[in-house]
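Have it open next to you while you read.

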Amino acid sequence: MEEQKGSAAPSSDAKLKKTMYVLVAVAVVLGAVLAYVWFERTSLINDLNVEKDDLTAQMVALQNDYASLSSDYESINMQLDSSREEVSQLIERIKKTEATNRTKMRQYERELGTLRSIMRNYIVQIDSLNTLNQKLTADAAAARREAAESRRQSEELSKTVKSLTGQVATGAVIKGRAIRIDAYNSSNKITDRSSRVIRLMTTLSLVENDLAPKGPVRVYIRVKDPDGNLLTNASSGEFTLNGEPMICSASREVDYQGNEVELSIYLNDVKEYIKGIYTVEAFTERSSLGTAELMLR
């Protein structure tokens, strides 16, 4: 009986050791599993942080694209300002949100796509409006050219009518020649400086014509500035040319007896002179005597 009791102790020790080995093995396995789970979690978090950084970078790039986008249209600019504010707010929300919050991150990705689509629509609108504006500008320029051509043709037609009218009674019409216009300063010297001019003088000659009526003849001048405005003063008046009333800048009456007559007509008391080309036209009540130009600088 004593021998049997002595053999039972070793058997219990063996079982205990076996149990310990099993527990150690289980602990090792659990440790390995925990290490694997920790490693996988860390790797996943790193990947999510990378995705968050990439999403943030895309939003910043979109913000820069919005900042560089502009238009000449107030309504679109107001919409752009609103979209820029949305982008800024979205960037702040992304920065404050944990990368592991996948629901929010997916929501931000969808909002990024929406804002990109909105920006593309802005670009299309701006391009379309710019194209339309260019077309309207071109149409307006073409209309101005047509109007200028019409004015030119009208002026040419007017000159032709005057010429034909003059040919009907050419033998009795007084003609002019050597028309000239000069500017004088306060020292009564010719000048081409607009700031120094105090008066203009037009000189011309009435051509010899034995068939023309003899007696007093009044010569009228019309002086226009570079902008086409007629220069007048308190002494300016009106005259009739071929039945049509016209305003003159100045006039002078001479005694015409069929011989050539030289005359000068002054234009004083004009408020100011600007730089450019001045034009003078001389008339009698029956015909045009000619034109001349003066360049002031």
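1. Starting with the end of the sheet: β8 and β9 run antiparallel and are joined by eight bridges. A hairpin of four residues takes the chain from β8 to β9. Within this pair, A282 sits opposite G290 of β9. For the bookkeeping, two strands pair if DSSP finds at least two bridges between them; strands are DSSP runs of E with at least two residues, helices are runs of H or I with at least four, and both are numbered from the N terminus.

2. Before going further, the ground rules. This is a predicted model, so to speak of local features we need pLDDT of at least 70, and side-chain atom pairs count only at pLDDT 80 or more, while totals for chains, interfaces and linings use all residues. Residues are numbered from 1 along each chain as its sequence is written, and side-chain values use heavy atoms, with hydrogens and water left out.

3. Overall, the protein has three helices and nine strands. Along the sequence the pattern reads α-α-α-β-β-β-β-β-β-β-β-β. Of the 297 residues, 28% are buried, where buried means under 20% relative accessible area, exposed means over 50%, and partly exposed is in between (1.4 Å probe, protein chains only).

4. I221 has A282 as its bridge partner in β8, and Y220 has F283. A282 is also the residue that stands opposite G290 in β9.

5. G215 belongs to β3, and it counts as buried because its relative accessibility is 9%. G215 and V254 are 39 residues apart in sequence, with their C-alpha atoms 8.3 Å apart in space.

6. Buried in α2 are I76, L80, S83, V87, L90, I91 and I94. As a reminder, an α-helix has 3.6 residues a turn, so residues three or four places apart point the same way.

7. Two backbone spots to look at. N188, in the loop between β1 (176-184) and β2 (199-206), has a positive phi near 60 degrees without being a glycine. N242, in the loop between β4 (238-241) and β5 (244-247), also isn't a glycine and has a positive phi of about 50 degrees. Most residues other than glycine have a negative phi. N188 is partly exposed at 45% relative accessible area, and N242 is partly exposed at 44%.9. Last, the second largest pocket, with about 230 Å³ of space. Its lining has 13 residues, with I174, P216, V217, T284 and R286 nearest the centre. A pocket here is an open set of points on a 1 Å grid over the protein atoms alone, where a 1.4 Å probe fits, with protein on both sides within 12 Å along at least five of seven lines; lining residues have an atom within 4 Å of a point.

Key: Grid points are joined across faces, edges and corners, and a volume is the space filled by probe spheres set on the points.
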